[in-house]
Amino acid sequence: MRARARLAEPLRAVARRLDKRHARRVALAANLLDPPIDLSDHYTDHLGYAIAGMLARGNLWCFDQALRHLPSDAPIVEIGSFCGLSASVLTYYKRRLGLRHRLVTCDSWGFEQAMAGDVPVSRADYGRFVKDSYVRAMQTFAAWDLPYTVEAYADDFFGAWRAGETRSDVFGRSVTLGGPIGFAYVDGNHDYDHAKRDFEHVAEFLEPGGHVLFDDSYDGSGWGVTRLMPEIRARAGWELVARNPNYLFRKR
Ligand SMILES: C[S@@+](CC[C@H](N)C(=O)[O-])C[C@H]1O[C@@H](n2cnc3c(N)ncnc32)[C@H](O)[C@@H]1O
């Protein structure tokens, strides 16, 4: 097992030099050699069958870690909810750990790059379908503890957070944003510029001892967010907790 894991790092180094499409294949092979710690169970597997999404199994361990070490009662924030798979898992973990922290999520459901094919389905149709799926998933798999979900781009969401604005959420409730954040799951636009802005926003509000997890940040994933990881590692005040294989950081 250790010999296999030793092979994984050189493969990841190769992946970092390849273009996005090939990098993903090689990175996947590396992850097969050096698999992440997987906390998935019967329930999370079945969430994955029922709800569309791209939740990496290794993120479950990161969620568990971050939620077990929340520094205070400050909320958990998710950027990018899609159909609600990760929000359902976070809600499940909150229940398992007996946590009453508010989960506040945001998604634009904009899909500027979707629907490029020659089909009579508009981007708006696609966005509406995904948003409706999210609402339905939450009403089923988080009915006892509905997250507060604001339909917004991340920049707008954090602007509202800074201003302490009250917004209506997708379930028709009012939610007042603002204050410290205990854990942030960053899974919106994975381009470098967006991920960097998301990080700077999170850094502004994350409590000392709080965690931030970046989806698709694993080495060689091909997403722009990977460029940000060494920058955060080099930044004072941030500690790399794990690469499982996505990067989980803790604010000192
Ligand atoms: C990878 S999906 C999220 C998957 C979800 N976290 C899960 O695991 O089930 C990314 C989501 O981010 C949203 N998104 C993309 N750019 C965004 C932005 N700038 N602000 C807010 N949401 C964004 C997309 O609409 C999409 O639903």
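Colleague: Is Trp-109 buried or exposed?
Modeller: Trp-109 has 20 C-beta neighbours inside 10 Å. Buried takes 20 or more other C-beta atoms within 10 Å of the residue's own, exposed 12 or fewer, with partly exposed in between, all C-beta atoms being placed from the backbone. So Trp-109 counts as buried.

Colleague: What should I know about the numbering and the model?
Modeller: Residues are numbered from 1 along each chain as its sequence is written. The model is predicted, so local features need pLDDT of at least 70 and side-chain atom pairs count only at pLDDT 80 or more, while totals for chains, interfaces and linings use all residues.

Colleague: Which peptide bond is cis?
Modeller: Most peptide bonds are trans. Here there's a cis one with omega about -15°, and its proline sits in the loop between strand 8 (238-243) and strand 9 (247-251). The bond joins Asn-244 and Pro-245.

Colleague: Which elements give two or more residues to the shell around the ligand?
Modeller: The ligand is surrounded by 21 residues, where a shell residue has its C-beta atom, placed from the backbone, within 6 Å of the molecule. Gly-53, Gly-80, Leu-85, Ser-86 and Asn-189 are the closest. The elements giving two or more are helix 5 (85-96) and strand 2 (103-107).

Colleague: How do helix 8 and helix 9 lie, parallel or oblique?
Modeller: The axes of helix 8 (192-205) and helix 9 (225-233) come within 8 Å and cross at roughly 40°; axes are lines fitted to C-alpha atoms over the stretch in contact, with angles from 0 to 180 degrees between N-to-C directions. Under 35 degrees is roughly parallel, over 145 roughly antiparallel, 65 to 115 roughly perpendicular, and the rest oblique. That makes helix 8, relative to helix 9, oblique.

How values were computed. Helices (H or I, at least four residues) and strands (E, at least two) are DSSP runs, numbered from the N terminus.
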